[in-house]
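Biologist: I would like to learn how to read a structure with two chains. Where do we start?

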Amino acid sequence: MDKNQFLQSFAEQFDDVDPSSITTDTKFKDLEEWSSMVALMVIAMVDENYNKKITGADLREANTIGELYDRLNSRS
Amino acid sequence: MALLHNKNVVIKGISACVPKRVVKNMDNSYFSPNDIKSFVQNVGVEELRTSGEDICSSDLCVAAAERLLKESGIDRDDIGILVFVSQSPDYYFLPNTACIIQDRLQLSKEILAFDVPLGCSGYIYGLNLVASYLSSGQIRKGLLLVGDTASKIPYPRDKSSGMLFGDAGAATLLEYDEGAGGGNFHLATDGAGYKAIIVPEGGFRNRFSTQSLAEYTSAEGLIRTPNSLHLDGFDVFSFGITEAPKTCKKLMEHLGISNDDIDFAVFHQANKMMNEKIRKKLNLPENKVPYSLKHFGNTSSASIPLTMVKQIRTELQTKQNKLLLCGFGVGLSWGTAYVVCDPLIVPELIEI
């Protein structure tokens, strides 16, 4: 998984978020536009691009985009 | 690998019934207009049919069955098996609702009648179960009833499920028919995901207590009671978009069929985003994938037959159809059926 590509794809799930403002340290749940619907779109994106499953626990326990990336990247 | 073939069986007819009462999600006073708008847009549910205090799943199923039996003109005494698939039975586990329905429908006492408490996958499991009994010809006709009053299970203030579930019941008549191709199935289970859709208290693992109805707020800010539905929407979404396409592909590969061999693919009506994702992963064109979600919501075990009756009734009545049917959800449990149906008896959607 390419980290920059992941960041960009993550940012694309939002309507009003400037992709350049997103870093691995961004606390995604604090973004104003973050909602359960955006979460579903992120899950779909990861399934499509990486063929990996994001669970409810991943979203609850990861705080930053980097943490979410690390959890996914460690999975086969 | 649970790939199964039940020969010598045909589906003769399908009917469905919903409560008359319409609840529009935009009128829901528990949630903000913005939240509702986003829900309607993404999940695709504008309104629901809800049964209120007086109507049970069994009532919806009995109404559907009465009409189907009448229009098919068969002798009730010929029905040798009755299966009631539901997670909202009349009574708390005893007696089985199927027994009560045997009497209400005035079916023969020489009948096997029992409940199968499955949800979203229940129609597929039910078809396979009844077809299995009929396949040998020892029982000639079977009635599969699937239905839920799923609107009663979530806590009304729970944003994850309070606007999602509607009520419906359906009846399917199956018959022994020597030489008929029957139905092909793929059935699967993954209990590791049992917490993704669960009512935590009120069963025998966690008994109903004075605390079971106490409102609390979850870590995600969802308002629930321990005796209400706990839906982990993210886990369910992940599960659905992965396993539903997989089970369809597995059965299709096993049978050596392609999308050209499917007239309609009818999926459990879970959530528009999820279902569209599944449809796209399977490269199925929109005109082959009917939806009832917008006006009826997620109707649990009844969602597949309800969608068939509501959306493709004329086609089912007038021509042969090759159908791929796929249910997935609570358990976690999922399955796919491939059936070729000659013109069916399909009464108009019933409202009570």
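Biologist: How many residues does the contact take from chain A and from chain B?

Modeller: First, this is a predicted model. The size of an interface is often given as the accessible area lost when the parts come together. Here we have a residue count: 14 residues from chain A and 13 residues from chain B take part in the contact.

Biologist: Which element gives the largest share of the side of chain A that touches chain B?

Modeller: That is α2(A), with seven residues. Both α2 (36-50) and α3 (56-61) of chain A supply at least two residues each.

Biologist: What classes of residue make up that side of chain A?

Modeller: Seven are nonpolar, four are polar and three are charged.

Biologist: Now the sheet in chain B. In what order do its strands lie?

Modeller: The order is β1-β9-β16-β15-β14 (chain B), an open sheet of five strands with mixed pairing. From one strand to the next, the twist averages 15°.

Biologist: In which sense do β15 and β16 of chain B pair?

Modeller: Antiparallel: β15 (residues 321-329) and β16 (residues 333-341) of chain B share nine bridges. In this pairing Gly329(B) stands opposite Ser333(B).

Biologist: Which strands does helix α4 of chain B touch?

Modeller: Helix α4 (residues 122-135) of chain B packs on β1, β9, β15 and β16 of chain B, and its direction makes about 130° with that of β9(B). Helix α5 (residues 233-255) of chain B lies across β1, β9, β14, β15 and β16 of chain B, at about 40° to β16(B).

Note on methods. Residues numbered from 1 in each chain as written. Chains lettered and ligands numbered in written order. Predicted model: local features only at pLDDT ≥ 70, side-chain atom pairs only at ≥ 80, totals over all residues. Contact = placed C-beta atoms within 7 Å. Helix = DSSP H or I, 4+ residues; strand = E, 2+ residues; numbered from the N terminus. Nonpolar A, V, L, I, M, F, W, Y, C, P; charged D, E, K, R; others polar. Pairing = 2+ DSSP bridges. Axes fitted to C-alpha atoms, helices over the stretch in contact; angles between N-to-C directions.
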